[in-house]
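Colleague: I'm new to this one, so could you put it up and take me through some charged side chains?

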Amino acid sequence: MQLSKYIFLVIFITLSSRSVAQVAYSYYSSEDEKLWVEKQLSAMTQRDKIAQLFMIAVYSNRDAAHENDIDKLVSQGIGGVVFFQGTTLRTAQLANRFQNTARTPLFVAIDGEWGPAMRLTDGVRFPYLMTLGAIQSDSLLWYAGYEMGRQFMRMGVNMNLAPVADVNNNPLNPVINFRSLGSDANRVARQVRWINDGMKSSGILTCAKHFPGHGDTETDSHFDLPVVPYGFNRLDSIELKPFKELINSGVDAVMVAHLNMPALQANSIPSTFSDSIINGILVRKLNFDGLVMTDALNMKGVTNDYKPGEIELKALLAGNDILLYSADPVFSINYLEKALQNGEISIDLIEKKCKRILRAKYRNGIRTKIETETENLYSDLNNVSTQALIRNLFESSIVLLQQTNAVPLLKTFTYSIASVAIGADSLSAFQKMSGNYANIQNIIIKDLSDKNIDSLLRSLKKFRKVIVSVHGIQVYPKQNYGVSAQTVKLIEKISKQNETILVWPGNPYALNGINLSSVRAILIGWQRGEMVEQILAQSLFGAIEIKGKLSLNLNIGFKLGFGIHSKGGHQLRYAIGEQVDVNSSKLKHAIDSIAILGLNEKAYPGCQVMVVRKGAIIFHQTYGSMFDDSMVVVTPNALYDLASITKVVATLPALMMLYEADDFDFDDKISKYYRKWRRSNKQDITFREALAHQARLTPWIPFYKEFINEDKTFNSKYITRQHSYKTISEISPGLYITRKADKKIFSMIRDSELLEKTEYKYSDLSFYVYPKIIEKLTFRHFDTYLKETLYIPLGAHTFTYNAWHYFNSDRIVPTERDTFFRNTLLRGFVHDEGAALLGGISGHAGLFGTATDLAKYMQMILNKGEFAGTRFYSEATVDSFLVTPFLAYGNRRALGWDKPLINNNILPLSKAYPAPMASAASFGHGGFTGTFIWADPDNELIFIFLSNRVSPYRSNQKLYDLNIRPAMHQACYDALIRH
């Protein structure tokens, strides 16, 4: 995602101010700050001052009794609250409630290392820090930090107990692990600083944890006290580096972990209670002047050997300012009051800590009670810009490990592929997305008995490539991250038998237990989730660039920093508009409203719209039903009769191939290749003239009238209901044409009159002839030639003539209820009568297909002839067909392609075709049935509109009267984000 100039300016200012933050100044930064702190302090009782040091746990998913208990504690002077469970709305509501109760404004904190979803059920889920650690873009990490901070601030939270600064240099770490950016101290230091800077720029207070470093432990401090045997020199060279970096950049607080560090503190005293670790190292050696905070004081790392009250007292005496999550805050406050009376702790120390807390509140704007607006909270948090950022983060984190050039998978039409999902309950998100790129045999296996494994291995022998994806991988090392021995066995056996690509949506540490020497490639997605699986599939098939690097060492031979770069853009990716500079909300609102207008006005029974920007499908929406009075809704994979779009998606690409092979030239006469036009009024017409509709050809001939008798019965010479050796094709259910129909059509075309004036006049007639020429030059049937040379390599598997023969009828959108020729509902049979009389296969009409396959074809043209690893045409060939040879004569047409009206950019929307803002370089075509495709190379934009506006009858002109297609097309340009 491109960051705005504003954001870069903020980054620059943030970076520039780091040195300023370390300049010595008096304890207070201003006289106003001093007056505010002293005023607050003077209003506090001795007990209030003690209570100000406590931050207590709040659960917004609990009952009223819990909320009343918190209210009571807040009214007694508690300094802050920490939200742990609940929802975003309830968190904001309770934050407002408790701030209103408090005499001194509260720290409202959350432990949100990977955003709100870490604690709140409906919160936005950002990637784990381990995932972020693979990202190479520092500015993207800054933006991740900024957006997490913005999310929390929006719900009334003013402190995040993050980022984690631990260096996870122990793969078996049971508590940090995926919560760390990685195992390299220098890299973690740099990355955590960018995240922290972003977070602070949102206005939230940040807290570095878990000091002095919890990464090299094998004990969870929630359950026992971990031992870290290292001395200061080792800590200084590894664990402390990220903390030093954060302190230099102005982190607000540091959280001290519960650790046993015998080299630094004798008698197994937890670091939480160690003056030498807190004051000696953190404050004096590292010059930290911010807030020192304990980790949760109810964790067994301290409660196993110490009692409530005693824990809090020792923590304060050791140098902590904030006591987090006391097991019994009321008891502990009472205990500290007694300790104060007994002289175990001084009032000067309490006030000093209290002043530090108040100073931090003042400096971060927590000095007045500000109520958070809860209206539109959920939509503000879950906006499309945030979702686009999260997709960018996940996309940038994917890591490719391989010994051979196995990824991306391109030219998949040349080999067989199986996808084995181990542990999935049903067809996985990875498999569903993969289906957009290749014909794949999907296999799901959960029962990993030896018998099932052997059976699967036998069935896989017929496949050249096997993609193995593992599902249900856990984040922590317990039981090998949830990866069973049988899963390992299956992966190893498949990889020895087949060319195997391993897709790993989960913690990569689990790979250490697998022999992967035979695996051709490994694709790491770091964590579970539908989005991750979708991105992995797009990365595998070359739609998304792979650019992540390992943030840790794997003992299977891949070291930290390793990762193969794989170029993306080979295929269409799936993205959110903001990822490619489109305002998603604006686009959706506009197209939805226009589409619904068309439905209400009965311009069509249903339609679907697709928008592609910069090679990414950013909008694909269906509306209405498949035909009139039907409850069957339009589906995204529905096939449509493309009508005249056939000209540019069937005939034109075939001609382009022949042109590139020098089989004909634009200035050649068509009669040179089509003998029937010799010695006719059409013998001198050139390809250039005919393709640009400048050949004086009759626009259209109602051929079907010659095949019907005066009594409206069919002329049995051409049409019959009896299938026999004389018939060649079915043109509607139970209705057949004979071989003589073809001859009759082409005789009528040959004998048709030419128009008197040489000018632009759209005509179908030459497109009837081109397939004959193509078949003569290629020695193959027209439709077979297209499938073999274009559609199959392109991955456009739905493009076909006579869709009724290849697809279930429920997937095909019906066109018209024909009441004058075939007298039936046309579904899968071509609508155009001329094409029907040629057996459904013609150069001017008859092709069926989906929006997605149209997008693939149009993107290939935008790419100047290349797509999915295959070059179909040279750039010169593509450009040659897009010129407008007769523009000087008032003809806007290119060779086959339609172009914008002349001076289209200055026309009002009601007069324009297509959108007024479509560039002069743009091109496309429309179809009689209500179809439309348009591509704009200048704006890297593709617009596709599919409908059956002729249902139930072709007399319906409302699609044109309401200007539906140009209006939707213009909405695409209106939604572009200009920089």
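Colleague: Is Glu-833 buried or exposed?

Modeller: Glu-833 is buried, because its relative accessible area is 5%, where buried means under 20%, exposed over 50% and partly exposed in between (1.4 Å probe, protein chains only). This is a predicted model, in which local features need pLDDT of at least 70 and side-chain atom pairs count only at pLDDT 80 or more, while totals for chains, interfaces and linings use all residues. Residues are numbered from 1 along each chain as its sequence is written, and side-chain values use heavy atoms, with hydrogens and water left out.

Colleague: Which residue forms a salt bridge with Glu-833?

Modeller: That is Arg-954, with the closest N and O atoms 2.5 Å apart; a salt bridge is a side-chain nitrogen of Lys or Arg within 4 Å of a carboxyl oxygen of Asp or Glu.

Colleague: How many salt bridges are found in the whole structure?

Modeller: The search finds 45, among them one between Lys-209 and Glu-113 at 2.7 Å, N to O. Both Lys-209 and Glu-113 are buried.

Colleague: And what about Asp-581 and Lys-614?

Modeller: Their side chains also meet in a salt bridge, at 3.1 Å from N to O. Asp-581 is buried, with 8% relative accessible area, whereas Lys-614 counts as partly exposed because its relative accessibility is 31%.

Colleague: Changing topic, what does the side chain of Gln-608 reach?

Modeller: The side chain of Gln-608 reaches the backbone oxygen of Thr-635 at 3.3 Å, and Gln-608 itself is buried, with a relative accessible area of 0%.

Notes: A polar contact is a pair of N or O atoms within 3.5 Å; within protein, one must be able to donate a hydrogen and the other to accept it, and residues adjacent in sequence count only if both atoms are side-chain atoms.
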